[in-house]
Amino acid sequence: MGVGESSGVSFNTFQIIGVAYQWWRAYELGSPAEATSLTWTQFSGMFLREYVPQSLRDAWRVEFERMRQGSMTVLEYAVRFSDLTRHAPALVATVRERVRRFIEGLHPSIRLSVARELEMDISYQQVLSIPRRLEGMLA
């Protein structure tokens with residue numbers, strides 16, 4: 001999309017309003033002028049800690065740990081999977097672990113066809129395209 005890691009922070013902080021804006025301005029004013037820009041991961045972590053209760057973040061982490069495709073389409077599952085990974089970064093610290101967890105949550109009829117990808121060094125985007133194609137063929 002062309003928005004870099006630190007550009008995403010600038011873009012999003014430009015849009016915040018109200019109390020969140022005041023929180024961000026206080027952070028900026030309290031930071032040394034020579035401080036490096038925050039990455040998106042750092043910013044979103046700070047924002048979540050400030051505005052989302054720990055109990056809710058814990059519930060999302062548990063939901064991620066138990067997540068299965070069930071009756072969702074592969075695309076719906078992938079979107080929810082990506083949303084929840086923010087709350088369990090230690091569980092998907094590497095691409096290989098992210099791929100493994102994604103495949104394990106797929107519906108068994110699709111998971112069996114994708115299982116060999118666990119043995120390969122394959123990107124998350126590549127592994128996502130395989131079950132989407134399989135789902136289309138099975139429909």
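**Briefing: helices, cores and aromatic pairs**

Leaving aside neighbours within four places in sequence, F81 is in contact with F64, M67, R98, R101, F102 and Y124. This residue also belongs to the largest nonpolar core, which has 21 residues. The model is predicted. Its protein chain has eight helices and zero strands.

**Overall make-up**
- From the N terminus on, the elements of the protein chain run α-α-α-α-α-α-α-α.
- The protein chain has 139 residues, and 30% of them count as buried.
- Take the contacts in the protein chain with a separation of 6 or more: residues 24 or more positions apart account for 57% of them.

**The largest core**
- In soluble globular proteins, nonpolar side chains tend to be buried together.
- Six of the 21 residues in the largest nonpolar core touch the most other members: F81, F102, L106, V114, Y124 and V127.
- Helices α5, α6, α7 (108-114) and α8 (124-138) each supply at least two residues of this core.
- Another core lies apart from the largest one. It has seven residues, among them A20, W24, L38 and M46.

**F81 and F102**
- A pair of aromatic rings is described by the distance of the centres and the angle of the planes.
- The ring centres of F81 and F102 are 5.4 Å apart, and their planes stand at 80 degrees.
- Planes over 60 degrees apart count as edge-to-face, so the pair of F81 and F102 is edge-to-face.
- F81 lies in helix α5 (residues 74-85), while F102 lies in helix α6 (residues 95-105). The pair therefore ties together parts that are 21 residues apart in sequence.
- F81 and F102 are both buried.

**Other aromatic features**
- The count comes to 14 aromatic pairs.
- W23 and W24 form a tilted pair, 6.1 Å centre to centre, with 50 degrees between the planes.
- W23 is buried, with a relative accessible area of 14%. W24 is buried too, with a relative accessible area of 7%.
- One aromatic cluster is formed by W23, W24, Y27, F43, F47 and Y51.
- The ring of Y124 has a charge over it: the charged end of R98 sits 4.3 Å from the ring centre.

**How α5 meets α8**
- Two packed helices are described by the angle between their axes and the distance between the axes.
- Helices α5 and α8 pack at an angle of about 150 degrees, and their axes are 9 Å apart.
- Angles over 145 degrees count as roughly antiparallel, so α5 is roughly antiparallel to α8.
- On the α5 side, V74, L75, A78, F81 and S82 make the contact. On the α8 side, the residues are Y124, L128, P131, R132 and E135.
- S129 has its place in helix α8. It counts as partly exposed, at 30% relative accessibility.
- S129 and L75 are 54 residues apart in sequence. In space, they are 9.5 Å apart, C-alpha to C-alpha.

**A20 in helix α2**
- A20 lies in helix α2 (residues 18-30). It is buried, with a relative accessible area of 13%.
- Leaving aside neighbours within four places in sequence, A20 is in contact with F47 and Y51.
- A20 and Y51 are 31 residues apart along the chain, and 8.4 Å separates their C-alpha atoms.
- F47 and Y51 are also members of the aromatic cluster that includes W23 and W24.

**Two loop residues**
- H87 is found in the loop between α5 and α6. It is buried, with a relative accessible area of 11%.
- Leaving aside neighbours within four places in sequence, H87 is in contact with L48, R57, W60 and R61.
- S123 lies in the loop between α7 and α8. At 30% relative accessibility, S123 counts as partly exposed.
- Leaving aside neighbours within four places in sequence, S123 is in contact with V95 and V99.
- The C-alpha atoms of S123 and R96 are separated by 7.9 Å, and the two residues are 27 residues apart along the chain.

Definitions and conventions: Residues are numbered from 1 along each chain as its sequence is written. This is a predicted model: local features need pLDDT of at least 70, side-chain atom pairs count only at pLDDT 80 or more; totals for chains, interfaces and linings use all residues. Side-chain values use heavy atoms; hydrogens and water are left out. Rings of Phe, Tyr and Trp (its six-membered ring) pair if their centres lie within 6.5 Å; planes under 30 degrees apart count as stacked, over 60 as edge-to-face and the rest as tilted. Buried means under 20% relative accessible area, exposed over 50%, partly exposed in between (1.4 Å probe, protein chains only). Helices (H or I, at least four residues) and strands (E, at least two) are DSSP runs, numbered from the N terminus. A charge sits over a ring if NZ of Lys or CZ of Arg is within 6 Å of the ring centre and within 35 degrees of the ring normal. A nonpolar core is a set of buried Ala, Val, Leu, Ile, Met, Phe, Trp, Tyr and Cys residues joined through side-chain atoms within 4.5 Å. Contact means heavy atoms within 4.5 Å. Axes are lines fitted to C-alpha atoms, for helices over the stretch in contact, and angles run from 0 to 180 degrees between N-to-C directions. Angles under 35 degrees count as roughly parallel, over 145 as roughly antiparallel, 65 to 115 as roughly perpendicular and the rest as oblique.
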